[in-house]
Amino acid sequence: MRNAKATQSELSWTQHPFPFPHVIPSQRAIQQCTTKMSQSHALSDDQVAGELRKMTAFIKQEALEKAREIQLKADEEFAIEKSKLVRQETAAIDTLYEKKFKQAAMSQQITRSTLANKTRLRVLGGRQELLDELFQNAREKVSKVAADDQKKYQAMLKGLVLEGLYYLNEDNVAIRSRKKDFGITKKAIEEATKEYKDNVGSEVTVTLDESEPLPEGSAGGVFIVGGQGKIEINNTFEERLRLLEIDALPAVRETLFGKNQNRKFSD
């Protein structure tokens with residue numbers, strides 16, 4: 001009876017040698033199990049059961065240690081992979097942030113530059129409007145000089161004629177003026193001719209060309225014609241004011257708006 005039970009136990013152990021079939025025991029554990037199984041023929045049922053419990057506990061301990069090693073290795077590999085992924089994602093986030101920051105800075109710079117340009121253009125436009133208004137007022141005042149003060153206007157005509165005589169330095173010169181200024185222009189020509197002779201020491205013949213008067217809408221002044229009609233000097237008030245707008249514009253701007261700090265050279 002005992003031998004039958006032992007044989008049955010041996011068969012059971014042969015069919016299921018380990019309680020954890022998914023764990024491969026070490027070679028030492030297999031040898032110990034084999035040795036103890038060979039000695040089980042001389043043991044009682046209780047002794048066999050005790051030996052089996054010992055072997056089961058031993059194999060279980062081996063399995064637990066192996067499982068612990070596998071778990072530790074898995075945790076270590078997981079930590080390494082996790083750290084790698086964290087570094088990659090951190091680098092990607094930093095790159096994206098740097099790109100977004102540069103885009104935002106560029107957009108802000110473009111916006112600031114656009115606003116500055118708009119402001120500058122608005123200021124320049126306002127200044128130009130002021131200059132246009134200033135010169136328009138000057139044109140209106142110049143057009144009133146001839147009507148308001150004939151004596152002053154005659155002196156101005158004399159100066160304009162004399163300037164043309166000095167410039168041309170010819171013996172025969174023709175003068176053109178407005179039709180309504182013929183009388184005062186003749187007086188100015190006489191005074192200018194006399195002063196020219198006193199200063200230069202030579203005679204000059206100045207005639208008033210009544211065939212081609214200046215337009216009545218002109219503000220005043222004269223045309224001096226020399227070189228047998230080939231040279232004309234425009235000494236009308238409109239032309240002198242236009243030249244003044246060009247030549248005196250930097251000084252007018254500095255007087256009205258102050259010195260330009262960005263300008264290195266002056267005219």
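Visitor: What covers the buried residues of α5?

Guide: The cover includes α4, β1, β2 and β3. Buried means under 20% relative accessible area, with exposed over 50% and partly exposed in between (1.4 Å probe, protein chains only). Helices (H or I, at least four residues) and strands (E, at least two) are DSSP runs, numbered from the N terminus. This is a predicted model, where local features need pLDDT of at least 70, side-chain atom pairs count only at pLDDT 80 or more, and totals for chains, interfaces and linings use all residues. Residues are numbered from 1 along each chain as its sequence is written, and side-chain values use heavy atoms, with hydrogens and water left out.

Visitor: Thanks! Which residues in α5 are buried?

Guide: Phe182, Ile184, Thr185, Ala188, Ile189, Ala192, Thr193 and Tyr196.

Visitor: And how does the span of α5 fit its 19 residues?

Guide: The end C-alpha atoms of α5 are 26 Å apart, which agrees with the 27 Å that its 19 residues should span. The expected span is 1.5 Å times one less than the number of residues. Just after α5, Gly201 takes a positive phi of about 90°.

Visitor: Switching to the core: which members touch the most others?

Guide: In the largest nonpolar core, of 24 residues, those are Leu165, Val173, Ile175, Val222 and Ile224. At least two residues each come from α4 (150-168), β1 (172-176), α5 (182-200), β2 (205-208) and β3 (221-226). The largest share, 7 residues, is from α4. A nonpolar core is a set of buried Ala, Val, Leu, Ile, Met, Phe, Trp, Tyr and Cys residues joined through side-chain atoms within 4.5 Å.

Visitor: What is Leu165 in contact with?

Guide: Setting aside neighbours within four places in sequence, Leu165 contacts Val173, Ala192, Tyr196, Val204 and Val206. Contact means heavy atoms within 4.5 Å.

Visitor: Is Gln154 buried or exposed?

Guide: Gln154, found in helix α4, counts as buried because its relative accessibility is 16%. Beyond neighbours within four places in sequence, Gln154 is in contact with Ile184, Lys187, Ala188 and Glu191.

Visitor: Now β3. Why is that strand largely enclosed by the rest of the structure?

Guide: Because 6 of the 6 residues of β3 are buried. Gly221, Phe223 and Val225 point one way, while Val222, Ile224 and Gly226 point the other way.

Visitor: How does β3 pair with β4?

Guide: β3 and β4 (residues 231-236) run antiparallel over 6 bridges, with Gly221 opposite Thr236. Strands pair if DSSP finds at least two bridges between them. The two form a hairpin with 4 residues between them, and Gly227 in the turn has a positive phi of about 60°.
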